[in-house]
Amino acid sequence: MKDGIPLEIDVVEASASKIGSVDFDNLIFGNIFTDHMMVCDYVNGEWQAPSIQPYGPIQLEPSAKVFHYGQAIFEGMKAFKDDEDQVWLFRPEANFERFNRSSKRLAIPEFPKDMFFEGLETLLNLDREWIKKGFGNSLYIRPFVIATEPGVSASPSKTYKFMIICSPAKAYYSGEVRVVFAEKFSRAADGGVGYAKAAGNYGAQFYPTNLAKEEGFQQIVWTDANTHEYLEEAGTMNIFFRVGNKLITAPTSDRILDGVTRKSVITLAEEFNIPVEVRRVKVQEIVEAAEKGELKEIFGAGTAATINPVKGFGHAGKKFELPEQEDSYASFFKSKLMAIQYNKTEDKFGWRYAVKER
Ligand SMILES: *Cc1c(COP(=O)(O)O)cnc(C)c1O
């Protein structure tokens with residue numbers, strides 16, 4: 001709604017659906033996209049009328065600023081279908097607000113909320129068949145904005161393209177994950193863009209992560225850029241440590257992304273009387289806890305995997321394995337979150353968002 005008038009969204013339907021050619025049992029995360037996408041352009045100082053179009057390539061000038069200055073941000077969220085075919089989102093307002101926080105930091109004009117939700121829900125209704133029922137099945141939703149103005153002067157673009165694309169996803173299993181605590185490279189610095197889902201934050205992690213892979217670690221847990229003494233977060237996930245029965249995670253800051261999954265885990269921990277401390281986490285304290293056998297678990301929290309248990313970690317040339325955990329917090333939080341996401345339990349905190357059929 002804009003000024004009380006329903007938003008008109010121009011819909012161009014795909015001439016044929018690709019869905020018949022998709023093997024839903026063997027999906028690779030983020031490789032296949034649904035039939036439609038949402039598109040909205042920013043020109044003349046305003047976001048124009050959004051449209052839904054068949055998913056497909058777009059044309060850009062080679063000089064478009066996104067290619068030269070990385071003026072681009074994104075979000076990641078999921079849609080779930082319950083046994084009655086109702087489609088749900090999980091805390092999408094939090095993603096929308098973060099989308100605009102990220103935009104603001106990259107000098108990208110903020111996107112109107114009514115257009116975001118009207119467009120997203122229209123898109124999800126059109127591609128409803130792509131959202132499969134059953135625990136673990138979901139539709140990964142990727143909203144993003146890129147700077148499209150041609151010209152290689154280093155200044156903010158005057159034109160932008162907003163898009164939403166969607167990819168069907170299975171339960172995310174990334175294999176056994178071992179992490180290494182960063183000692184040299186950094187993901188983010190004070191005053192920087194670490195808290196934003198800025199495209200460049202991810203590109204900058206690939207090289208150090210490749211080096212970590214050569215050492216047998218799948219991911220890096222980033223530490224504070226100044227001293228490398230405090231554990232912050234992983235590349236696309238916030239990180240939790242369980243020492244004894246206590247859960248510990250770093251507070252969000254300039255350098256740490258305010259994850260929706262992270263804050264949901266903290267709320268659930270409080271709800272279920274699991275002691276949780278949100279404070280700086282010293283590398284040394286985790287290493288010592290591991291040496292004493294008090295470190296029970298490490299797990300990542302993020303939309304793609306929900307909760308991703310970590311098998312072991314490395315620091316300063318040493319490797320540590322984590323014990324098998326019978327009553328693991330990781331599986332506890334994962335099942336609690338999924339029960340809410342798939343509408344299998346009451347929604348005490350109002351996290352579910354129903355996508356209305358239209
Ligand atoms: C997206 C992201 C997360 C997780 O956020 P969610 O809202 O839980 O998906 C954590 N850290 C980084 C760096 C991220 O980009």
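Of the 16 residues around the ligand, which come nearest? They are Lys197, Tyr202, Glu233, Thr261 and Thr303, where a residue is near a molecule if one of its heavy atoms lies within 4 Å of it. This is a predicted model, in which local features need pLDDT of at least 70 and side-chain atom pairs count only at pLDDT 80 or more, while totals for chains, interfaces and linings use all residues. Residues are numbered from 1 along each chain as its sequence is written, and side-chain values use heavy atoms, with hydrogens and water left out.

The shell around the ligand comprises five nonpolar, seven polar and four charged residues. Helix 5 (260-271) and strand 17 (295-302) each contribute at least two residues to this shell; helices (H or I, at least four residues) and strands (E, at least two) are DSSP runs, numbered from the N terminus.

Oxygen atoms of the ligand lie 2.4 Å from a polar side-chain atom of Tyr202, 2.6 Å from a side-chain N or O atom of Thr261, and 2.8 Å from a backbone N or O atom of Val260. The ligand taken alone exposes 380 Å², of which the protein buries 96% (Shrake-Rupley method, 1.4 Å probe).

Elsewhere, the structure holds 28 aromatic pairs (Phe, Tyr or Trp rings, the six-membered one for Trp, with centres within 6.5 Å; planes under 30 degrees apart count as stacked, over 60 as edge-to-face and the rest as tilted). The ring centres of Phe117 and Tyr353 are 5.4 Å apart and their planes stand at 35°, so this pair is tilted. Phe117 belongs to helix 3 (residues 113-126) and Tyr353 to strand 21 (residues 352-355), so that the pair links distant parts of the chain, 236 residues apart.

Definitions and conventions. A polar contact is a pair of N or O atoms within 3.5 Å; within protein, one must be able to donate a hydrogen and the other to accept it, and residues adjacent in sequence count only if both atoms are side-chain atoms. Ala, Val, Leu, Ile, Met, Phe, Trp, Tyr, Cys and Pro count as nonpolar, Asp, Glu, Lys and Arg as charged, and the others, Gly among them, as polar.
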